[in-house]
Amino acid sequence: MTIRHRVGLAAAVAGSAISGAVLPSVAHAADQSVLHVDNAYGSACSDAGSGAQDRPFCTVQAAVDAAQPGQTVQVATGGSYRESVTVRHSGLPGRPIVIKADIPYGMPQTILGIRSWDAGSKPAAHALVFSGVHDVTVSGFQFEAPQEGVLVQDADRIVVNRNTVLAGDPVFNGVPSSYPDPAPAVRITGKTTATTVSRTRVQGQGTVGIAVDAGVSGTVITTDLVVEGRTGGVVATDAPGTVVASNTFAGNCGNDVLLAGSSSGAAVTNNVITKLPAGSCTDEALKSAAGLSVSAGSVPGTKADYNSVVHAAGGAGYLWGGTPYTAASDFRATGQGAHDNEADPKFGFYSSDYAPRAVEGLTDAADATAPGMLDTDFYDHPRADHPAIANTGTGPGYYDRGAVELQDDTSVQLSAIPYATAGHPLNARIQTFYRTGWAPAGAKLDFGDGSTPVDVNPGSGLELDHDYPAPGTYTATLTATSRTGLVFTGIARFTFAPVGALRLNPQVSVADQATARVAFHDATSSPWPVARYAVDFGDGTAPVVTDGRTSPDGLTHDYGVGGYYTVTETVTDDHGRQATASVQASVPGPQAGTPFTGYLGGPATQVGLFDNGRWNIDYGKTTGHVNERRAFGEPGDVPVVGAWENTCQCQLGIYRPSTATFGLQLRDGSVTAVRFGEPGDVPVAGAWDHNGHDQLAVYRPATGTLAVRHDDTSVTTLQFGGPGDLPVAGDWDGVHHAQFGLFRPGRSAGEPNTFLLRHDDGSVSTASYGVAGDLPVVGDWQAAGRTTFGIFRPGSHVFALSNAYVGRGDTVFTLYV
């Protein structure tokens, strides 16, 4: 549905711009709290520089080595940094060193690390190493390495947030590295304390996803996706106080969470643990692994609750102190898991974001007060309260279990682009999309020009044409508000420039060669509606005036005396703007009857106009008068040009329809007469036999029959086309002989013409060119060795010759005779 909205029309402007998206801001080049890294910056990057935005570091390592407490290393997003980086400097509490390559929604794209398949590079064991440092944060990267992608050892207060780790596998796509033993994707080791791994995706690692080694304490693993591991998920060994909160474990072949040795005082809460999709896991591996496994030495002081554990068929959901428990209801006998359940998140086999459906027991069912809980989810989306599911969590009561918070799926989209139409130069085409979510309350579209906003109903979309009052930049806004108070907004920005001027291109043609009658042709282009036309024919008679609803196009005028006259058109639009243009009229003047083409003087095809026995030949194909005039034939004859003798140049010929006779002029001036066809046939010559000269043919439109006369006087026929079609012949394929074609005129004013070109294999290609009233011409306009098409417009003496076959613009010119 299209709806047009109009407001008061003021200053005339025309539009050009497109709906806009808000672009992220960038730090000022002089801001040295930020050290920039961009290896795609060409010769402008330098590891010896200052890290300013216009002189960034080339490598991450150089920037990290230069970073001091409170500074940020900003790595250009979307790049690839094939290096292994070791952090050697520490931040301070409250003033960490930040290393980031973030893009919106925490979707890391910048690659860091050297893998076995990197051509010309020696693999490095790790992508990023923290050793003996403290107070450093890293985010926004995809780490790739044959062993640990991220290694944290003897460090304090390290934050690994919003990353992807594809590491811990010494073989990738069958290519082995120099590291034979698979390792965890992330390892926290040594005397490390208070390290956090959050909003990070760990996928497809060689052994486990995240390993917390003996001696490490206070590790928080929260809001991560630990998925599709060929062995385990998180393993903490002799690491007291480990927090595993609000993570999603899916498709791992081994234990999803394993507290081994003496990892007492741990907290395992709000996790979604499922063995599906199982991927490449064997049945034996799934049956022998548990979702949550806690050793006897790790049981003291450890809390496990608000988890959703879906066990594999034949396997156990829990292994607590050495005792297996199949389901959450069994596990409660330990005094743990009072709120655990087996709610299926319904990811599906090909799930990529591991966002659950609305599921009771998962949605709005987490303990928001548990250690390690974050205010936003894996994608930095806020916590959302589903109105159709009862809140069974603690605290606010509506936090979801797992890494991904189910969001209200209300969606609004808005696009707007200036779309000038006749009479509406300040028109914008606005398209909206509004999909309702949990509790829709409606949406409104504000055009941004002070006009009244309109309601937008849910559905596939609404399309509106809206007229703006003045030039300038506008911001249209589509706002949907749910009954729960959530607001969703779509924004489009666009700019209107000043409205273009009135453009006139009047033309005059002879309407009747027997009298001094001409026809006036209007070609006015007006951004605003036309209010008045006035045509002065230049002979002293009163101008012909019409209102804007009646175009003077086609208006005829009779002159008393032949000669040259200046015809003037004046057009006024409804905003009071006025434009005037004039054209010379030759009255009555001989008019060309039929266009012709041929190789009459060079390697490219020439054009001309045949007028009752007068041949007007043009060699230049540029606007101007003809170059040569010849006489051959009589009034009523039809021109035919061809190579009647074995020569590269063509000779003139005529076809006399009244007697169905060809008259062929030879090089010595003699004329050969050949009777062929019937009265009413249309002549068409061509190199049908590929023997160095052309043969004659006629086309009978009434039956759509082409008849070709060969040198031995035999005749072959072809059925193609029908009434109204005109024949053309040329070497469409560049094979040195002619193929047949048709010109099908447009059936009404303004309708395009169609060329139908038949090839040797019987296939037909089509092309639209020109409009009703044109006449066809064919030739090799650029001496490219094959034939293409064009048109002649009798009313204006204009030839338009297509050069698309050689990748050039059309040749358009006016030929005066």
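This is a predicted model: local features need pLDDT of at least 70, side-chain atom pairs count only at pLDDT 80 or more; totals for chains, interfaces and linings use all residues.

Residues are numbered from 1 along each chain as its sequence is written, and side-chain values use heavy atoms, with hydrogens and water left out.

An open sheet is formed by 10 strands, which follow one another in the order β3-β4-β7-β10-β13-β18-β21-β24-β27-β30 with parallel pairing. Its edge strands are β3 (34-37) and β30 (303-305), each of which pairs on one side only. On average, and with direction ignored, neighbouring strands of this sheet are turned by 10 degrees against each other. Here strands (E, at least two residues) and helices (H or I, at least four residues) are DSSP runs numbered from the N terminus, and two strands count as paired if DSSP finds at least two bridges between them. The angles, which run from 0 to 180 degrees between N-to-C directions, are taken between axes that are lines fitted to C-alpha atoms.

Strand β3 pairs in the parallel sense with β4 (residues 72-75) over 4 bridges, and His36 has Gln74 in β4 as its bridge partner. Together with helix α1 (residues 60-66), β3 and β4 make a right-handed β-α-β unit; right-handed means that, with the strands pointing away from the viewer, the path from the first strand over the helix to the second runs clockwise. Elsewhere in this sheet, β7 (residues 97-100) is joined by 4 bridges to β10 (residues 134-139), the two running parallel, and Lys100 stands opposite Ser139 in β10.

Strand β59 (residues 705-709) is mostly covered, since 4 of its 5 residues are buried. Strand β58 (residues 696-700) pairs with β59 in the antiparallel sense over 5 bridges, with Val708 in β59 as the bridge partner of Ala697. The hairpin of β58 and β59 has 4 residues between the strands, and Gly704 in this hairpin takes a positive phi near 65 degrees. Strand β59 also pairs with β60 (residues 715-719), again antiparallel and over 5 bridges, and Leu706 has Leu718 in β60 as its bridge partner. In the hairpin of β59 and β60, with 5 residues between the strands, Thr713 takes a positive phi near 75 degrees.

How values were computed
Buried means under 20% relative accessible area, exposed over 50%, partly exposed in between (1.4 Å probe, protein chains only).
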